Amino acid sequence: MTDALLWRITRIGLAVVAASIALFPFVWMVRTSIAARDSITVDGLSPLPATIDLSNYVRAWEEADLGTAMLNGAVVTVAILVLQMLTCIPAAYAFAKLPFRGRGPLLLVVLACLLVPTQATALPLFLGVSGLGLADTLAALVAPFATSAFGIFLLRQHMVTIPDALLDAARADGLRTLATLRRVVVPAAMPAIATFAVFSIFVHWNDYLWPLLVARDPALHTPPLALAVFQQADTGQDFGALAAGAVIITAPVVALFLLAQRRFVAGVAGGELPG
Amino acid sequence: MSRIGIGGLAALAATAALVLTACGGGAPAAGTAAAASVTSCDPTGVTLSVAYAPQGDTAVQLAKTQLEQAHPGLTVQLKQSGTSSYDQLTQQIVADIAAGSRPDVAMVGLGQVRFWVDRYQPQPLDTASLKQTYDQRFLQIGAVDGQNFVAPFQVSVPVLYTNSTLTRGAGVTAAPATTSELLAAARQVKAATGSAPVQLPRDGIADWVAQAMIQSGGAAFVNPDGSPGFGTPEGERALSVYETLGTEGLQDPISATDAVTAFTAGRLAYMVTSPASATSISKAVNGSFEWTVTDMPVPDGGTPSLPAGGNGWMVLSEDPCRAAFANELIADMLDPEVITQSSKAFSYIPVDTQAAATLAADPAAATQVGYGWTYTGTPTPWGGWHGDSTPRVNQFLQDMVQRLTSGEPVATVVPETVRRISSAVR
Amino acid sequence: MTAVLERPATAPARPRRNWTAVALLAPAMTLIALFVVLPGVLAFAGALFTIDLTDNSWEWAGLDNLATVLVDPAVQHSLVNTLVYSVLTIVPSLVAGVGLALLAQTFTRGRSLLQTLLFLPFTANLVAMAVVFRYVFDLRGGFVNQLLAVVGIAPVNFLGDTALALPTVAAIGVWRAAALAMVMFLAGLTAIPTAVHEACAADGVTGWTKLRRVTLPLLRPVTVFVTVLTILQSVQVFDTIDVLTGGGPQGATETVLTMTWKLGFEYYDLGQGAALSALLLVVLVGIGILRRGALTR
């Protein structure tokens with residue numbers, strides 16, 4: 001009994017400590033976002049600034065044109081997500097469950113792609129994209145990420161664990177490959193798919209280097225590019241507006257993550273063995 | 001299995017390399033001809049492209065309207081960068097040119113003039129097309145070997161920000177004019193407050209302020225042959241202020257951004273940076289203490305010789321007629337009204353005499369943001385390292401400043417830095 | 001029970017037509033070839049050339065770039081830093097990740113909230129976070145130093161000291177990487193069929209025994225994946241350092257990728273930048289070949 005109580009206290013304690021460390025910088029981000037310009041940098045350990053001023057949000061929204069940027073960000077992120085799902089799920093399934101000649105070497109190529117840092121390929125990719133006349137278009141922001149070696153590998157690692165009995169049963173029911181994918185594999189791999197979706201959304205929503213290179217037109221700016229307005233090298237930074245902007249652009253994706261968590265739970269049922 | 005994969009990659013790589021050499025080898029070097037006369041050029045169907053950072057937007061928008069009205073049929077295409085950093089702006093334009101889209105007019109950081117001239121053969125600037133009121137004393141900061149290439153637009157020189165509430169509290173009333181006055185005042189302030197009172201930039205624009213110290217101390221920054229000129233007794237004496245700040249604990253080893261934060265929080269007595277920050281600092285301080293913007297202290301016995309920061313416009317057109325239109329566009333962007341507005345927004349030094357007169361009459365001219373408006377000195381070119389060595393050299397200069405302000409002696413750090421730079425520019 | 005615990009065989013004997021696999025793989029493989037392999041090959045081939053961006057000319061340089069890069073003290077510094085950073089981040093991120101995932105699993109009430117909180121670090125916009133972290137670790141008046149002052153410790157220059165900057169950046173790296181690892185492990189844990197838990201409960205297998213004998217073995221494919229990802233994130237660290245320190249002070253936080261970026265995109269020496277990233281790739285491929293059994297099983 002006391003053991004159970006002790007364990008309960010320990011894990012709650014651990015959870016509180018871990019959550020505090022994770023949360024702490026965000027508290028300061030929010031603090032900065034609601035601080036008046038002259039009280040942002042004033043010392044103190046209090047999580048609330050001396051003067052609360054919401055004008056940072058107004059400035060962030062208007063000066064950075066965050067409305068347009070968030071719309072662009074949403075279009076780009078969703079387009080990338082959909083394309084990645086359409087290309088990665090079938091490929092991962094093939095790697096996990098379909099025997100074919102050259103599967104090992106091809107998987108190694110996919111793995112090797114994980115090793116290629118995007119910073120190294122940025123310039124050739126930019127030259128290629130420009131050569132195709134795609135510079136300064138939404139397509140240039142999406143196309144290079146239409147599939148993901150990372151996604152294929154992640155999903156493949158999960159699909160390997162899907163019991164063959166499940167697939168055999170589907171086949172016995174007369175399902176074709178695509179139907180099997182949709183009705184058996186996708187539900188069974190849902191935790192992994194949700195994980196990858198979350199990863200993809202956050203990575204591309206926050207991506208900075210590539211959009212900086214290809215999206216020059218302010219009408220194409222994605223959220224992180226829009227925020228750069230408040231980081232003027234020459235003329236000083238506007239911390240309050242930067243923090244407010246960061247809160248504005250982080251909130252919707254975090255809300256999305258809260259929703260996506262249901263998929264993690266839903267995945268359990270699909271992953272269960274029949275009978 | 002994996003060996004096959006890698007072998008295949010290698011073969012592919014070799015093929016691609018061959019194709020590239022075959023294609024790239026014959027590309028002609030960018031040729032330049034002098035700008036033609038606008039009157040002899042047909043504007044129909046001409047599209048001029050301008051690459052610039054957001055701080056130039058007002059000027060570009062205005063000039064676009066004027067030029068398109070003056071020459072029906074001509075279109076000005078705007079390529080605004082998402083970044084206000086001149087290094088990143090340069091990266092983008094370099095990438096654009098590599099991808100085959102060379103802008104006609106580009107904004108360049110004044111520290112990169114020589115890089116552009118040495119690497120990309122811009123058109124010489126047609127100074128005759130500039131407005132009558134353009135302040136000629138600024139032209140030389142955009143010149144290389146006597147030839148004008150860049151029309152300076154938003155110009156600044158390093159200045160001293162002082163929290164006078166703090167310094168007066170420590171009994172210091174006069175603004176320091178020399179580095180030894182700065183050090184004496186700093187010691188006094190430190191004795192009163194207990195914390196390090198000075199910040200000379202240790203990153204970002206570290207090279208800019210170091211150049212100001214070196215030149216003002218009577219040493220050459222770059223020798224005519226391109227080698228570093230400050231490995232001399234004058235140079236070492238000019239840079240010794242950094243060492244003293246380090247050894248006596250008068251400057252904390254923090255970043256330039258953190259220095260601004262410390263200043264606006266009222267914790268820092270003295271800071272050297274660009275006057276262009278005055279507007280944003282003014283908003284952040286919001287009257288919580290008194291502060292001033294004055295001349296940067298120079299080494300004892302020296303005379304101010306300050307490099308020009310900021311940006312200017314450059315013509316990259318390869319066709320004489322396009323170059324002529326590009327020059328006219330630049331003239332429009334340097335309109336007195338535009339200069340007045342940008343100086344008001346960012347407290348830059350006005351490069352137009354009419355704008356300067358307007359600004360001098362403005363009530364705000366007497367405040368901190370007015371320092372640049374009434375600046376009468378003549379800045380020198382910034383940097384000037386040959387070829388594409390500038391970014392590397394700036395890294396070495398930054399390392400030098402960081403080592404000195406950490407207390408390492410001038411006698412070892414400066415010769416070492418000179419050696420590193422010499423091998424990079426060779 | 002045993003049927004569940006056994007890893008399913010990957011290659012059933014049933015013969016299958018190849019074209020199904022081809023059709024499933026074609027879109028992804030085409031895109032990978034176009035957007036990763038081709039630019040990658042070009043980028044790495046660049047290591048053998050002196051590339052002039054002004055006219056796109058490639059001049060054969062053989063191994064000159066590699067030789068120059070290897071004797072460059074700044075590059076050597078970045079190689080050592082990358083190794084130190086990896087040592088400081090990989091294992092802590094994995095341990096924290098799996099620990100947090102297991103911890104979150106023990107909660108029924110408030111689990112969703114806890115997971116979200118723990119995942120927050122990965123959602124951060126780095127540019128804004130950099131501002132916060134610079135404040136948190138600021139020498140004067142920064143949060144950590146104010147806390148240290150309360151217990152009487154002199155201020156520490158976390159990001160400005162050449163000896164401390166790398167560990168500080170690594171701590172921030174773990175803060176982020178552990179959040180991602182946790183989510184991956186959670187997905188793996190959730191995928192464990194409830195039948196397993198029921199079987200364990202029936203057999204009286206609980207606590208450490210269950211963790212070591214049942215849970216961790218079942219997590220193996222996920223673990224392989226998360227490990228690979230964490231190693232890559234550490235060795236290829238770029239964003240965090242780029243926004244926090246830019247590689248400074250005096251190269252103390254310069255890593256292979258920030259150095260690659262500097263060589264290629266700031267110094268415009270694409271050949272040297274390519275040589276350094278090719279070197280990194282060779283090392284990683286080497287590790288990958290040594291451990292390929294674990295990766296493709």
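Start by selecting helix 7 of chain A. In it, A:Ala149, A:Phe150, A:Gly151, A:Ile152, A:Phe153, A:Leu154, A:Leu155, A:Arg156, A:Gln157, A:His158 and A:Met159 are buried. Buried means that 20 or more other C-beta atoms lie within 10 Å of the residue's own; 12 or fewer makes a residue exposed, anything in between partly exposed, and C-beta atoms are placed from the backbone. Helices (H or I, at least four residues) and strands (E, at least two) are DSSP runs, numbered from the N terminus.

Before moving on, note that this is a predicted model: local features need pLDDT of at least 70, side-chain atom pairs count only at pLDDT 80 or more, and totals for chains, interfaces and linings use all residues. Residues are numbered from 1 along each chain as its sequence is written, while chains are lettered from A and ligands numbered from 1 in the order in which they are written. The model scores ipTM 0.85 and pTM 0.86.

**Chain A**

Of its 275 residues, 55% are buried. Take the contacts in chain A between residues at least 6 apart in sequence: 74% of them join residues at least 24 apart. A contact here means that the C-beta atoms of two residues, placed from the backbone, lie within 7 Å.

Color chain A by domain. Domain 1 covers 1–53 and domain 2 covers 62–271. These bounds come from an automatic or database domain assignment. The C-alpha centres of the two domains lie 31 Å apart. Where they touch, domain 1 of chain A gives seven residues and domain 2 of chain A gives six residues. The domain 1 side has four nonpolar, two polar and one charged residues. In this count, Ala, Val, Leu, Ile, Met, Phe, Trp, Tyr, Cys and Pro are nonpolar, Asp, Glu, Lys and Arg are charged, and the others, Gly among them, are polar.

**Where chain C meets chain A**

80 residues of chain C are in contact with 83 residues of chain A. Select helix 2 (residues 18–45) of chain C: it gives the most to the chain C side, with 16 residues. That side of chain C divides into 58 nonpolar, 20 polar and two charged residues.

**The core**

Which residues touch the most other members of the largest nonpolar core? Among its 318 residues, they are A:Leu155, C:Met182 and C:Phe185. A nonpolar core is a set of buried Ala, Val, Leu, Ile, Met, Phe, Trp, Tyr and Cys residues joined through C-beta atoms within 7 Å. Helix 8 (residues 165–191) of chain C supplies the largest share of this core, 20 residues.

Center on C:Phe185. Leaving out residues up to four places away in sequence, C:Phe185 touches C:Gly97, C:Val98, C:Ala101, C:Leu219, C:Val222 and C:Val226.

**Confidence in chain C**

Where pLDDT is low, the predicted coordinates should not be read in detail.

**Chain B**

Switch to chain B. Domain 1 is 38–156 + 309–370, and domain 2 is 159–306 + 389–425. The C-alpha centres of these domains lie 30 Å apart. The contact takes 12 residues from domain 1 of chain B and 12 residues from domain 2 of chain B. On the domain 1 side, helix 4 (113–120) and helix 12 (336–346) of chain B are the elements that give two or more residues. By class, that side has five nonpolar, six polar and one charged residues.

**The four-stranded sheet**

Next, pick out the open sheet of four strands in chain B, with order 8-9-7-10 and mixed pairing. Strands pair if DSSP finds at least two bridges between them. Strand 8 (198–199) and strand 10 (291–295) of chain B are the edge strands, each pairing on one side only.

Zoom in on strand 7 (residues 159–163) of chain B. It pairs with strand 9 (residues 270–273) of chain B in the antiparallel sense over four bridges. Here B:Tyr161 stands opposite B:Met271, and B:Thr162 stands opposite B:Tyr270. Strand 7 of chain B also pairs with strand 10 of chain B in the antiparallel sense, over five bridges. In strand 10 of chain B, B:Thr294 is the bridge partner of B:Leu160.

Are the residues of strand 7 of chain B buried or exposed? Five of its five residues are buried. In a regular strand the side chains alternate between the two faces of the sheet. B:Val159, B:Tyr161 and B:Asn163 lie on one side of strand 7 and B:Leu160 and B:Thr162 on the other, and both faces are covered.
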